[in-house]
Amino acid sequence: MDDLKEKYLPRIADALDEAALEDIRLAAVGKKGEVALKMRELGQMDPTERQIKGPILNALKNEILSAIAAKKAGLADTALDARLRSEWLDVTLPTRTRRRGTIHPLSQVTEEVTAIFAEMGFSVAEGPRIETDWYNFDALNIPSHHPARAEMDTFYLNRAASDDRPPHVLRTHTSPVQIRSMESTGAPTRIICPGGVYRADYDQTHTPMFHQVEGLAIDKDISMANLKWVLEEFVKSYFEVDDVDLRFRASHFPFTEPSAEVDIRCSWENGNLKVGEGDDWLEILGSGMVHPKVLQAGGINPEEWQGFAFGMGIDRIAMLKYGIPDLRAFFDSDLRWLRHYGFEALDVPTLHSGLSR
Ligand code: DAH
């Protein structure tokens, strides 16, 4: 029995992991282990011998078991120590300044415009960027022979000669959303429709994709006076000035009668635009009273209802407010540009907390 003790105790002490300990346990005190075999021999002994050897064998078994348990605990401590040494973390280190994303000026301006018009009771309507030519042109009183179609540098979707679906275009303006919205909600209504539009044009102030916001208000007694007030309120809020001078210039659009283009008074000082003062005028939008044919196309009775509409370039007013000289840079995804002109993600523009900071 001393042999067994001398055989197993050092092995237990030297075991490197739990698996090795388990092997030792099976070989020593398992069902078919050496101690068990010795215990089976007790049966053949005479009672006096058995009374002496029995307790000694039991004591050996317990000694081996407790040596294994102690070693197991020791191994776990060592493993924890090693883990603590390798997985430490200095929580007192300063945080790394992360490169945060910014809100694109166009998203910012769209939010600003939406916040201002929401205050005046306008909700946001949207329409598809791929339109039928009926919504983009015909319904807006631009029949196929009309010169405005040619002027718009329209992108037409390619179609097989055998394809008899109606022709589709990339919408050239947000005005078709007027028709869709009249169809779905009828009159009275007050909506703005921001979104992307497309025209085949490219230079410092034109890109093939750009953004507009359309406005539409229909009711029983809406007039040009309401249009003028709404636009004045908008321009004051948007450019964050107390006073603006707007100039309504008679113009022509097929979808409005009468039509007006609107200029704001401004000054340019060393390339910096100031809105509300000076001797220059800057065109910012087209507008007018919705043409009876357009109301009809949208399913609204022009004998009963009337309204105003306007269309404005979002990119254009973003460039003006934030002094961005080249439109093309809006769509280059240049990170330096985005960091310079972008806005903090959590500064959501509202009329109460301020539009821009
Ligand atoms: N759709 C016109 C354009 O893209 C802009 C416009 C002018 C919209 C007058 C209107 C409007 O609603 O009344 O040039």
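So, the lining of the largest pocket: by class that's 18 nonpolar, 18 polar and 9 charged residues. Here Ala, Val, Leu, Ile, Met, Phe, Trp, Tyr, Cys and Pro count as nonpolar, Asp, Glu, Lys and Arg as charged, and the others, Gly among them, as polar. A pocket is an open set of points on a 1 Å grid over the protein atoms alone, where a 1.4 Å probe fits, with protein on both sides within 12 Å along at least five of seven lines; lining residues have an atom within 4 Å of a point.

Bear in mind this is a predicted model, where local features need pLDDT of at least 70 and side-chain atom pairs 80 or more, while totals for chains, interfaces and linings use all residues. Numbering runs from 1 along each chain as its sequence is written, and side-chain values use heavy atoms, with hydrogens and water left out.

Back to that pocket: it holds about 1300 Å³ of space, counted as what probe spheres set on the points fill, with points joined across faces, edges and corners. Of its 45 lining residues, R199, Q212, E283, G313 and R316 are the closest to the centre.

The second largest pocket has about 170 Å³. Its lining includes R129, R171 and H211, and splits into 3 nonpolar, 5 polar and 3 charged.

Now, the core. What are the residues with the most contacts inside the largest nonpolar core? They're F117, F234 and F308, in a set of 48. By nonpolar core I mean buried Ala, Val, Leu, Ile, Met, Phe, Trp, Tyr and Cys joined through side-chain atoms within 4.5 Å, buried being under 20% relative accessible area with a 1.4 Å probe, protein chains only.

Methods. Buried < 20%, exposed > 50% of the residue type's maximum accessible area, 1.4 Å probe, protein only.
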